[in-house]
Amino acid sequence: MTTFTKKILLVDDNQLFLKMLSYAFKNAGFDCITAESGADALNILKTEIPDAVLSDYEMPWMNGLEFREELLADAALKDIPFIFLTHISDNELMVKGLGLQAVDYVLKDTPVNVIVSKLNNIIYTVQKQQELSKNELKKAAEALNVRSIPQSVPHVKGFAIDFWHQPYQDIPGGDFIDFIQADERRTFIVLGDIMGKKWMAWFFTFSFLSYVRAAVRFGALSGDYSVASILRKVNEVICLDDVLKDILSSLSLILIDNETQQISYSGAGDLPLLYYREKTRQLKQVASDGLLLGLFPDGRYTEQNIHLEDNDRLFIFTDGMTDFSAGNGKKSDYNQFMNNLEPFLTHNQSFKALEQEYFASSTSEKVDDCSIIQIYKVSRYD
Amino acid sequence: MIKIIKDAPGHLLIEIEVTEANLDNAEVFKSQVVELLDRNKKNIVIDFNRVEYIDSSFLGALVAILKHAMAQKLEVILTGMKRDVHDLLLLIRLDKVFKIYGNYDEAIIAL
């Protein structure tokens, strides 16, 4: 599993003690932020979320208990492990602090290296616990056979379909993929991205997927295979669903008709697809015009046909593929992704090779879930 | 997270103070701007000049703010976007939903 630098927020009005402690934590490999008062700390917490807070008890204006109360009142901050630093071994104070869900107490005259080890252990235990809960959740989802990413690809006459998916930090997130074979002729390909990351987004993928599957199936029952019409129905229902209020998702919906060998496409706030023509050896964008699902009841969905010649490829992907961590921060660059992809295609790389040599080789730079689907038009002579 | 730069009749100009607008600060951003909308009942101009990167969680927060404002018949206007950030909004058609201007002077003409 990937390890990340632990970030700790130290709060103490004694500058000298703060410097000494901060020096010791940095030496032990921590990323350390310091604040000289509870108010300063609250300000910092507006933009940075540490792995733990170590706070002095006795501080002017806002003491440690009052600072802790402020954190508890904020849903985004209340679960950060909180440890009190105190001069005094006061039982009454400890009881009060524990009532405020402080994880532990550290006496200020404890040797600094012991304080560092104690913090390290606390963060490790909390993270281990979270990991265990996540594993339980994963196991439960697998047992219920709820998946937002399929285990295999469908076989469609005349085409080869492949996909690659990498969840952000190995935690299931907001990307979802599905292949729905509506009948012997028609296969729908679904790629969505709930706006958000990790567990919260993952949870909502199932609601969106259920609506998409239902709309495809009901459409097929009434003979309506229009991808734009399916998106319209899905969007209308999502806009009416109170549970999904403020939850938005992009969606690319593709239909492959193996009889006519035609592809039709409609998109909702998705990134333009990339179409590689073997004849010209160039990648071209294929943009849709629909808005994100859940934004407005009228999502303005239209559809277009895409005609692939032998050996042409169509790529459908989420923004995790185009976002990456650069030297001095994160970056979102669709054109760079496209320009880097093209040379692999002109050298006729297989999807497997693309996975290994391009997609997976840069996973350490990824900052979001990554998903990409390739539709390859098989040559009649293969 | 945000700084109020100007409290003008009819609108507020606020600036996003982070360079990475992402999952870690999206929820705080949303609640702060929603509170400003509820308290002041004024249109909001958001200056993005410091923002180098925006992720989908933050875009989600931005859209939730827009929906909240529209329900109160208020406007949310975006200005000062860096090219990468602006390009991303164009790619996913959010330019059809938000009013986006190069700078504050252009934005107030539209208000």
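**View 1. Domain division of chain A.** Chain A is divided into domain 1 (7-142) and domain 2 (147-377). This view, like those that follow, is taken from a predicted model. Taken over C-alpha atoms, the centres of domain 1 of chain A and domain 2 of chain A are separated by 42 Å.

**View 2. The contact between chain A and chain B.** Chain B contributes 26 residues to the contact, and chain A contributes 26 residues. On the side of chain B that touches chain A, at least two residues each come from helix H1 (23-40), helix H2 (56-71) and helix H3 (83-91) of chain B. H2(B) gives the largest share of this side, 6 residues. By residue class, the side of chain B that touches chain A consists of 12 nonpolar, 5 polar and 9 charged residues.

**View 3. The sheet of chain B.** In chain B, 5 strands make up an open sheet with mixed pairing, and their order is E1-E2-E4-E6-E7. Strand E1 (2-8) and strand E7 (99-101) of chain B are the edge strands, each pairing on one side only. On average, and with direction ignored, neighbouring strands of this sheet are turned by 25 degrees against each other.

**View 4. Pairing of E1(B) with E2(B).** The edge strand E1(B) pairs with strand E2 (residues 11-16) of chain B in the antiparallel sense, over 6 bridges. For Lys3(B), the bridge partner in E2(B) is Glu15(B).

**View 5. Packing of H1(B) against H2(B).** The axes of H1(B) and H2(B) lie 8 Å apart, and the two helices pack at an angle of about 15 degrees. Angles under 35 degrees count as roughly parallel, so H1(B) is roughly parallel to H2(B). The crossing of these two helices, H1(B) and H2(B), is right-handed.

**View 6. Residues between H1(B) and H2(B).** From H1(B), the contact is made by Leu23(B), Ala26(B), Glu27(B), Phe29(B), Lys30(B), Val33(B), Val34(B) and Leu37(B). From H2(B), the contact is made by Ser57(B), Phe58(B), Gly60(B), Ala61(B), Ala64(B), Ile65(B), His68(B) and Ala69(B). The residues of the contact of H1(B) with H2(B) comprise 11 nonpolar, 3 polar and 2 charged. Both helices also supply residues to the side of chain B that touches chain A.

Terms used:
Residues numbered from 1 in each chain as written. Chains lettered and ligands numbered in written order. Predicted model: local features only at pLDDT ≥ 70, side-chain atom pairs only at ≥ 80, totals over all residues. Contact = placed C-beta atoms within 7 Å. Helix = DSSP H or I, 4+ residues; strand = E, 2+ residues; numbered from the N terminus. Nonpolar A, V, L, I, M, F, W, Y, C, P; charged D, E, K, R; others polar. Domains from an automatic or database assignment. Pairing = 2+ DSSP bridges. Axes fitted to C-alpha atoms, helices over the stretch in contact; angles between N-to-C directions. Parallel < 35°, antiparallel > 145°, perpendicular 65-115°, else oblique. Left-handed = near helix turned anticlockwise from the far one by under 90°.
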